[in-house]
Amino acid sequence: MAKDKPYYPHHPIGSVESLAKCLGLPPRLLKDLSEDTSNSYTEFSITSKSGKERIVYDPKFELKRLQKRINSRLFEGVFYPSYLQGGIRDQKNPRDYIVNGTIHAGSKNLIGIDIKDFYNNIKEESVKPIFTRLFNFPDAVASILTKLVTRDGRVPQGACTSSYVANLVFFNSEYSLVSRMRARGFSYTRLLDDVTLSSKRPITKEESTELIKEVAAIFKKHNLRLNNKKTKQESAGDVKAEYKVTGVWVGHGIPKLRKAERRHIRHLVYICEKEYLKCRFSEEYHALWNRISGQVAKLTRLEHSQAEDLRLRMSGILPEYDNQMKASIIFEADKLLKKPVAHHVRPGVISSLNKTLYSLGILTRTDKPLARHYKKMLRLRFINAPTKSEMWG
């Protein structure tokens with residue numbers, strides 16, 4: 001077995017009945033859910049940073065719970081090689097956009113490749129082999145699982161399982177491409193639909209073009225195409241080049257943010273301080289603080305020296321609730337305290353409980369005794385209610 005090929009190290013599930021037992025559902029219900037996935041999603045659109053509208057599908061409760069079990073009981077049991085960097089839960093070897101950037105830090109040349117409309121173009125004929133050939137499940141088991149992780153024959157963006165399917169769709173070919181790249185001195189990673197190649201040595205334009213063709217050939221086998229508008233070829237020596245991998249600058253030995261970006265985040269903190277003086281209670285200010293706090297967290301994660309000072313400044317301008325919002329939170333808490341115990345397992349009630357406890361946490365900034373009182377009452381009242389992970393598990 002190739003060292004860098006995804007593989008499933010456990011015994012295969014041999015029947016639909018065994019699959020149902022593994023996922024904690026009666027076989028009949030499992031089959032019924034798999035036959036009705038088209039009606040098991042809520043469709044909505046989101047706007048990307050570029051202003052493009054994108055359709056996202058949020059699975060309804062029963063299917064979402066089942067997909068989360070497929071993740072925890074099947075997909076998380078797969079070995080994922082280090083070149084796969086996105087959407088994988090891996091406590092031993094964490095993966096994210098910064099780890100992805102670290103792999104390419106200090107390189108001389110970068111090639112960035114984007115797969116066009118990735119999820120929507122992964123069809124069920126590319127998904128089913130994941131279950132039959134990687135997991136080695138029989139056809140009946142693979143067919144049900146394929147239906148459960150697709151919608152109308154395609155991988156839906158927004159489904160809990162989609163990032164794992166995206167990581168595994170090239171399981172039988174990508175590893176050999178990576179092996180060839182490494183033999184020639186190139187580093188290769190993929191964070192879902194973003195592929196990055198880098199080299200410690202300069203490469204010619206002709207060599208770069210050939211590399212892109214090799215990568216495109218792997219995707220073409222699954223009827224996937226490159227987004228040529230997002231393909232980039234950059235040199236670390238080019239002062240005009242962004243030289244970023246998944247949002248972080250990799251021109252030196254470790255990923256960082258450029259001086260202009262750090263200056264911009266400092267300016268955002270300054271703006272937040274000014275807005276705090278105007279109105280620290282508004283929804284807009286709460287959203288602004290959260291957004292800028294995320295930017296400061298990026299500085300912290302990248303170990304920039306100014307991160308500690310900015311975090312301290314942000315802690316001094318925390319959002320608060322006014323009396324009207326305070327009354328609204330207490331009203332919601334009182335409603336929850338009156339809920340019958342039989343309702344404590346309902347997803348909507350658990351969601352309201354978590355939201356109210358979060359709001360009470362913010363309320364401690366202005367009325368600590370009251371907030372603590374209600375937090376204590378809610379926790380006692382809901383002492384036997386399932387946690388969020390238990391509800392989905």
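Trainee: Which residues does H286 touch, not counting residues up to four places away in sequence?
Mentor: Leaving those out, H286 touches R280, F281, P319, E320, Y321 and I362. A contact here means heavy atoms within 4.5 Å. Bear in mind that this is a predicted model, where local features need pLDDT of at least 70, side-chain atom pairs count only at pLDDT 80 or more, and totals for chains, interfaces and linings use all residues. Residues are numbered from 1 along each chain as its sequence is written, and side-chain values use heavy atoms, with hydrogens and water left out.

Trainee: Okay, and where does H286 lie?
Mentor: You'll find H286 in helix α11, which covers residues 283–301. Helices (H or I, at least four residues) and strands (E, at least two) are DSSP runs, numbered from the N terminus.

Trainee: Is H286 buried or exposed?
Mentor: H286 counts as buried, because its relative accessibility is 12%. Buried is under 20% relative accessible area, exposed is over 50%, and partly exposed is in between (1.4 Å probe, protein chains only).

Trainee: Which residues of α10 meet α11?
Mentor: From α10 there are R262, I265, L268, V269, C272, E275 and Y276. They meet Y285, L288, W289, I292, Q295, V296 and L299 in α11.

Trainee: And at what angle do the axes of α10 and α11 cross?
Mentor: At roughly 150°, and the axes come within 10 Å; α10 itself is residues 259–278. Axes are lines fitted to C-alpha atoms, for helices over the stretch in contact, with angles from 0 to 180 degrees between N-to-C directions. The two helices are therefore roughly antiparallel. That label needs over 145 degrees; under 35 is roughly parallel, 65 to 115 roughly perpendicular, and the rest oblique.

Trainee: What about α2 and α6, at what angle do they cross?
Mentor: Helix α2 (residues 27–35) and helix α6 (residues 139–148) cross at roughly 50°, with their axes coming within 8 Å. That is why these two count as oblique to each other. In α2, L30, K31, L33, S34 and E35 meet I144, K147 and L148 in α6.

Trainee: Switching to strands: in what order do the 4 strands form the open sheet?
Mentor: The order is β4-β5-β3-β6, with antiparallel pairing. Strands pair if DSSP finds at least two bridges between them. The edges are β4 (186–191) and β6 (232–235), each pairing on one side only. On average, neighbouring strands are turned by 15° against each other, direction ignored.

Trainee: How many bridges join β3 to β6?
Mentor: There are 4 bridges, and β3 is residues 109–114. G112, for instance, stands opposite K232 in β6.

Trainee: Another histidine, then: where is H222?
Mentor: H222 is in the loop between α9 (205–220) and β6. H222 is buried too, because its relative accessible area is 17%. Aside from neighbours within four places in sequence, H222 contacts N121, S126, V169 and F170.

Trainee: Last one: how many helices and strands are there in the protein?
Mentor: The protein has 16 helices and 8 strands. Its C-alpha atoms fill a box of roughly 65 × 60 × 35 Å along the principal axes. Of its 393 residues, 45% count as buried.
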